[in-house]
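Subject: Structure for you to look at

Hello,

Here is the structure I promised to pass on. Please have a look, and my notes follow below.

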Amino acid sequence: MTEAIGVRRRSFASRVVGRGSVVWRMDWLLFGAVVALSAVGTLLVWSATRTWSSIEPTGMAKKHVLNLLIGLALYSAVAVTDYRWLRTYAPVLYGIAVVGLILVISPMGSTINGHHSWILLGGGFALQPAELMKPALVVMLARLLAPTSEKGKKKDRPRASGLALSVAAAGAAAALVMLQPDLGTTMVLMATTGAMIVFAGIRKRWVGAGVLLAALAAMAVWSLGLLKPYQVARFTALIDPSSDPRGVGYNSTQALVAIGSGEVFGKGLFHGGQTTGRFVPEQHTDFIFTVAGEELGFVGSVTVVALLGVVLLRGVRIARMCGDRFSALVSGGIIAWLAFQTLVNVGMTIGIMPITGVPLPFVSYGGTATFANMTAVAILQAIHLRSRPV
């Protein structure tokens, strides 16, 4: 009997960590890069908030760690589930995200830092539905753009109806986000939608038509004055931030000063003058890359970008291994979302992108953004686990 128990124990252990198990087949490089970015982000949040946290010097960092722990719990739960359920429940997830955006612009919503983007939950916690729309829109578009024929065979190209519904779904989400207003998240949603439509394999002439329509829509938004004055000012400040260094160009100017002062190896963690003096606004969220530039220098900044690059490259690898069009589109959408958001966040701190409220994935402070990012990478992990042969 003892021998039988020993056999069962060995069998259980082999199922958990043995060859062919979830632990064995997991993409540990992807997971390791996410954990490393989260650890660096925690240190940067601590440095950026220790001189002004209303709780205690480590208060914001502790709250960030709590958000990360919740995010890792979500990661673990999503990664071990069958990703194919996403196709079934994509409309439900998208509908929940839409309801959240509607609630934000209702009296239930709250304004923080000029954006009416939050639902206060109490206890110092808040929910930002726009972040939840990112993964919801990705899986919804993948469902619409990856239909199957009546016999269950995959089609090479998306149906016209699926393409039209995809544009409508993305347009509705973007319109609700712009009502907050949140230009940065709207840009991320539109870029992700455009990338997924291209990944779906539509004809080149339709891609050209879509680019033309997007350009015309952008010109219409600009000419009709649909953007807020401060949003227009941020675009114009991109051309010459030094023209108004104390006004619309202040953020860009101070960000460049902070990053440039770090030189090669930085001033050392917790020793950045710009960070300690709070010269750069929102340094724990949108401008956290400036903390890395000042305190960790060029080497630290490149390390952060390289870790983000690892996440994206592993995502590309997973997308190439997918055995069905739906999972390939989901993977491609997540990669496009994280890549574009990284480009915008890092770009605005070095003066090549307009200032928008977009956090740096896995690094910036933020609960809902952390949950959305962790869920997205967990979906990649789930796809990897079921695409890789045992």
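How many helices and strands does the secondary structure of the protein chain come to? There are 15 helices and 3 strands, taken as DSSP runs (helices H or I, at least four residues; strands E, at least two) and numbered from the N terminus.

Please keep in mind that this is a predicted model, where local features need pLDDT of at least 70, side-chain atom pairs count only at pLDDT 80 or more, and totals for chains, interfaces and linings use all residues. Residues are numbered from 1 along each chain as its sequence is written, and side-chain values use heavy atoms, with hydrogens and water left out.

Of the 390 residues in the protein chain, 47% are buried (under 20% relative accessible area; exposed is over 50%, partly exposed in between; 1.4 Å probe, protein chains only).

Now to the salt bridges, of which the structure holds 4 (a side-chain nitrogen of Lys or Arg within 4 Å of a carboxyl oxygen of Asp or Glu). One of them joins Arg314 to Asp27, at 3.1 Å from N to O. Arg314 sits in helix α13 (residues 288-321) and Asp27 in the loop between α2 (22-25) and α3 (28-49), so this pair ties together parts 287 residues apart in sequence. Both Arg314 and Asp27 are buried.

Lys134 and Glu131 also meet in a salt bridge, at 3.0 Å from N to O. Both belong to helix α6 (residues 129-145), 3 residues apart, about one turn of the helix, and both are buried.

Arg84 pairs with Asp82, with the closest N and O atoms 2.5 Å apart. Here Arg84 is exposed at 54% relative accessibility, while Asp82 is partly exposed at 28%.

Best wishes
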